[in-house]
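Open the model in your viewer and keep the selection tool at hand. This tour goes stop by stop.

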Amino acid sequence: MRVHVAIIGGGPSGLLLGQLLLRHGITSVILERQTRQHVLGRIRAGVLESGTVKLLRQANASDRLDNEALIHNSVSLALENQVLEIPLKEFTNTAVTIYGQTELTHDLYDARDATEARTIFEVSDVTLHGLNEDEPYVTFRDDNSVCRVDCDFIAGCDGFHGISRKSIPSYHRQEFEKIYPFGWLGVLSKTPPVSDTLIYARSELGFALCSMRNANLSRYYIQCPLTDKAADWSDDAFWTELRRRLPQSIADSLISGPAIEKSIAPLRSFVTEPMQYGRLFLCGDAAHIVPPTGAKGVNTAVSDVYYLYLGLSQYYRDGEETGLEKYSERALARVWKAVRFSWWFTNLMHDFPDQSSFDRKLQQAELSFLLENRAAQAVLAQNYVGLPY
Ligand code: FAS
Ligand code: PHB
């Protein structure tokens, strides 16, 4: 098989890149390790930046989103017993879109199905070859036979645990990482959201987040120790602890229900540099991870895809290679700003078990400054809605 671009990974990064490349007649095949059903069973992000929505429209994958998504002009911070509303639209003239990553991935698969582009599921032993040659290729096992894809470029969209990043020689890679001493226990419930905005809550007991997918599907999180297991938490225990971390008026109006999904995600910040090596380009979680506090994970994956799509379409249209040569530099410039914001917001809103008294004082000063300073609130808004590409 021969295509212009071999895409490793059928998550949001790989799917969106494949769709955008097709607009310029650039062919691709997506090699996905899991089944389609497994990929579509993942519960992840919920907040989309305007840049993400714009690219989904260009990818012909936004009809359902345009009909069903919620538009939020503000976000709320519950700090001890006061609620600070951050008027996103007023500060930035931009809103955020509430639409689950699960749905976004579903829409991208449906859009790809409507094209001739191939997606091969349940592949194994994916191996990248000739990354520094003009004719790289990928081998993989499909139904126990060894297959080969000849291509011009390889897009590593295979997430944090994928093979692509590890295919760059370690002496050529520099990795930056910060592990947080807690995780997020998330619950999905068929209940009406407690508020018509997202509420990020900080209490002495720890962080909590009240989010949603639609008017009858809510998504809640509480900070939990890394030693916890989702099975350790009964539904009642979760709802009780969530209420304890919310201002009384919000806790009193919370409607609980059975958890239809319950899972714990560890929190880390991670970046690998550079995000390219020869004919291999990394996108999304293959290159970087952020704590979900700032809702930047999938949105930063999308901006990577945008830069790579620009570079590849320029190359195939004009033979111009600058976009590809500068891909990593351009992508990392925005990645690090998303990493910084996610780190800052995580530090602001979480209870750090072994925090020094000095750091606790700093955290309290940061919170007070945010509460009393509109310029500080405007900076939070600019980062939350998404910095320019
Ligand atoms: P993905 O990991 O989504 O997709 C990579 C794909 O590659 C997967 O389908 C995988 O099966 C496949 N793959 C892996 N290795 C392979 C191989 N060797 N061969 C072929 N295929 C291979 N972000 C937010 O913005 N907000 C959130 O609330 C949020 N919550 C999250 C919760 C969890 C538990 C996790 C893990 C992530 C969360 N994220 C969140 C981040 C998440 O949304 C990612 O940013 C997003 O999935 C990135 O998309 P991709 O880069 O496509 O990576
Ligand atoms: C979610 O709805 O899953 C969500 C929303 C905002 C975040 C993280 C997760 O910051």
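How do the residues of the shell around ligand 1 divide into nonpolar, polar and charged? Keep in mind that this is a predicted model. The shell around ligand 1 divides into 12 nonpolar, nine polar and seven charged residues.

**Stop 1: ligand 1**

Select ligand 1 and show what lies around it. There are 28 residues here, and the closest are Ser13, Glu32, Arg42, Gln101 and Asp285.

Next, pick out the polar contacts. Start with Gln101: a polar atom of its side chain is 2.4 Å from an oxygen atom of ligand 1. Move to Pro12, where a polar backbone atom lies 3.3 Å from an oxygen atom of the ligand. Then go to Val298, whose backbone has a polar atom 3.2 Å from an oxygen atom of ligand 1. On its own, ligand 1 has 1000 Å² of accessible area, and the protein covers 85% of that.

**Stop 2: ligand 2**

Select ligand 2. It is surrounded by 14 residues, the closest being Tyr200, Ser211, Arg213, Tyr221 and Pro292. By type, the shell of ligand 2 holds eight nonpolar, three polar and three charged residues. Colour strand 15 (206–214) and strand 16 (217–224): each supplies at least two residues of this shell. Strand 15 has the largest share, with three residues.

Zoom in on Tyr200. An N or O atom of its side chain is 2.7 Å from an oxygen atom of ligand 2. A polar backbone atom of Arg44 lies 3.3 Å from an oxygen atom of the ligand. For Ala295, a backbone N or O atom is 3.4 Å from an oxygen atom of ligand 2. The protein covers 97% of the 280 Å² of accessible area that ligand 2 has on its own.

**Stop 3: aromatic rings**

Ring pairs join Trp184, Tyr200, Phe207, Tyr221, Phe341, Trp344, Phe345 and Tyr384 into a cluster. From Tyr384, turn to Lys296: its charged end sits over the Tyr384 ring, 5.9 Å from the centre. Arg148 is another place to look, lying over the face of Tyr137 at 3.6 Å from the ring centre.

The count of aromatic pairs comes to 23. For one of them, select Tyr315 and Tyr316: they are edge-to-face, 5.1 Å centre to centre, with 85° between the planes.

Conventions
Residues are numbered from 1 along each chain as its sequence is written. Chains are lettered from A and ligands numbered from 1 in the order in which they are written. This is a predicted model: local features need pLDDT of at least 70, side-chain atom pairs count only at pLDDT 80 or more; totals for chains, interfaces and linings use all residues. Side-chain values use heavy atoms; hydrogens and water are left out. A residue is near a molecule or strand if one of its heavy atoms lies within 4 Å of it. A polar contact is a pair of N or O atoms within 3.5 Å; within protein, one must be able to donate a hydrogen and the other to accept it, and residues adjacent in sequence count only if both atoms are side-chain atoms. Accessible areas come from the Shrake-Rupley method with a 1.4 Å probe; for residues, only the protein chains shown count as cover. Ala, Val, Leu, Ile, Met, Phe, Trp, Tyr, Cys and Pro count as nonpolar, Asp, Glu, Lys and Arg as charged, and the others, Gly among them, as polar. Rings of Phe, Tyr and Trp (its six-membered ring) pair if their centres lie within 6.5 Å; planes under 30 degrees apart count as stacked, over 60 as edge-to-face and the rest as tilted. A charge sits over a ring if NZ of Lys or CZ of Arg is within 6 Å of the ring centre and within 35 degrees of the ring normal. Helices (H or I, at least four residues) and strands (E, at least two) are DSSP runs, numbered from the N terminus.
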